[in-house]
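Me: I would like to learn how to read a helical model feature by feature. Could you take me through one?

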Amino acid sequence: AGQPEAAEQYAGRIPTVDSDCRLAKAEALSAVGAAWLRAGDTGRAHTDFEAAIELVKSVRDLSFGKLLVLLAIGTLQAKGGLVATAGVSFSLAKEMAQNLPIRPTTTKVPTNPKATHYRDEAYNKILLAAIRAHDLGAANEAARLWRLIDNKAAPAIVRAWLDAGRTDDAVASAREIEDVPQRVKALLVLAQELLDRAGATYF
């Protein structure tokens, strides 16, 4: 409704009794920050975004939830023109991804049943958010880290670039893959996607 002052007051009343409440309050404050940007008050926007980030940092569990909220904050910052601060948010999300376990390569049941989110999921989310925010540095770094822990990530990374309409970056990403079989697979995926989008006829 274009009332960031009132929204800020309501966001400030959200209790911080547990982790879920803190993340909810962080999301609310980041929405207020975005509203201040639309109203042309960059200073108030910075204040609310910083408060939101500090709330996320104060949460000691819910690693994947913290990461998702940070990516939402970074996306709003980038959309509002705060490119540098969005980059900081994406960088923090990348650091938080390190707290997530690497997906097991076997079908053995994990010893920790609560570890339902894995680091490759986090890098996927960071890559998509960075692409949408046009932060190519953060996107390429997320793709690089993802490939380091998952040698089968290349096709998904290529598709992410293609879905964002960035064909040149998709081609570059495929060609940078050092593992030859994976590079071939990624290039075939790329060729197939481009043919499909061009409406090519199959015989």
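What follows is a conversation about the fold, the helices, the core and some backbone angles.

Me: What should I know before I start?

Reply: This is a predicted model, where local features need pLDDT of at least 70 and side-chain atom pairs count only at pLDDT 80 or more, while totals for chains, interfaces and linings use all residues. Residues are numbered from 1 along each chain as its sequence is written, and side-chain values use heavy atoms, with hydrogens and water left out.

Me: How many helices and strands does the chain have?

Reply: Helices (H or I, at least four residues) and strands (E, at least two) are DSSP runs, numbered from the N terminus. Here there are 10 helices and zero strands. The C-alpha trace spans about 60 × 45 × 30 Å along its principal axes.

Me: What share of the residues in the chain is buried?

Reply: Buried means under 20% relative accessible area, exposed means over 50%, and partly exposed lies in between (1.4 Å probe, protein chains only). Of the 203 residues in the chain, 39% are buried.

Me: How far apart are the end C-alpha atoms of helix 3, and what span should I expect?

Reply: The expected span of a helix is 1.5 Å times one less than its number of residues. Helix 3 (residues 42-58) has 17 residues and should span 24 Å; its end C-alpha atoms are 24 Å apart, which agrees. Seen down the axis of helix 3, the buried residues fall within an arc of 155° (taken from the directions from the helix axis to the C-beta atoms), so they line one face of the helix. Those residues are Ala45, Asp48, Phe49, Ala52, Ile53, Leu55 and Val56.

Me: What covers the buried residues of helix 3, and what caps its N-terminal end?

Reply: Contact means heavy atoms within 4.5 Å. The cover includes helix 1 (4-12), helix 2 (19-38), helix 4 (63-79) and helix 5 (83-97). As for the cap, a side-chain oxygen of Asp41 lies 3.4 Å from the backbone nitrogen of Gly43.

Me: Which residues touch the most other members of the largest nonpolar core?

Reply: In soluble globular proteins, nonpolar side chains tend to be buried together. A nonpolar core is a set of buried Ala, Val, Leu, Ile, Met, Phe, Trp, Tyr and Cys residues joined through side-chain atoms within 4.5 Å. The largest one here has 56 residues, and Val56, Leu70, Ile73, Ile126 and Leu127 touch the most other members. Setting aside neighbours within four places in sequence, Val56 is in contact with Leu23, Ala26, Lys66, Val69, Leu70, Ile73 and Met96.

Me: Is helix 8 mostly covered or mostly open, and what does it pack against?

Reply: Helix 8 (residues 154-163) is mostly covered, with seven of its 10 residues buried. Among them are Pro155, Ile157 and Trp161. The buried residues of helix 8 pack against helix 6, helix 7, helix 9 (167-175) and helix 10 (180-197).

Me: Where does a positive phi turn up?

Reply: Most residues other than glycine have a negative phi. Leu62 has a positive phi of about 50° although it is not a glycine, and it is found in the loop between helix 3 and helix 4. Leu62 is partly exposed, at 35% relative accessible area, and it is in contact with Ser19, a buried residue at 17%. His134, with a phi near 60°, sits in the loop between helix 6 (119-132) and helix 7 (136-149). At 62% relative accessibility, His134 counts as exposed.

Conventions: A polar contact is a pair of N or O atoms within 3.5 Å; within protein, one must be able to donate a hydrogen and the other to accept it, and residues adjacent in sequence count only if both atoms are side-chain atoms.
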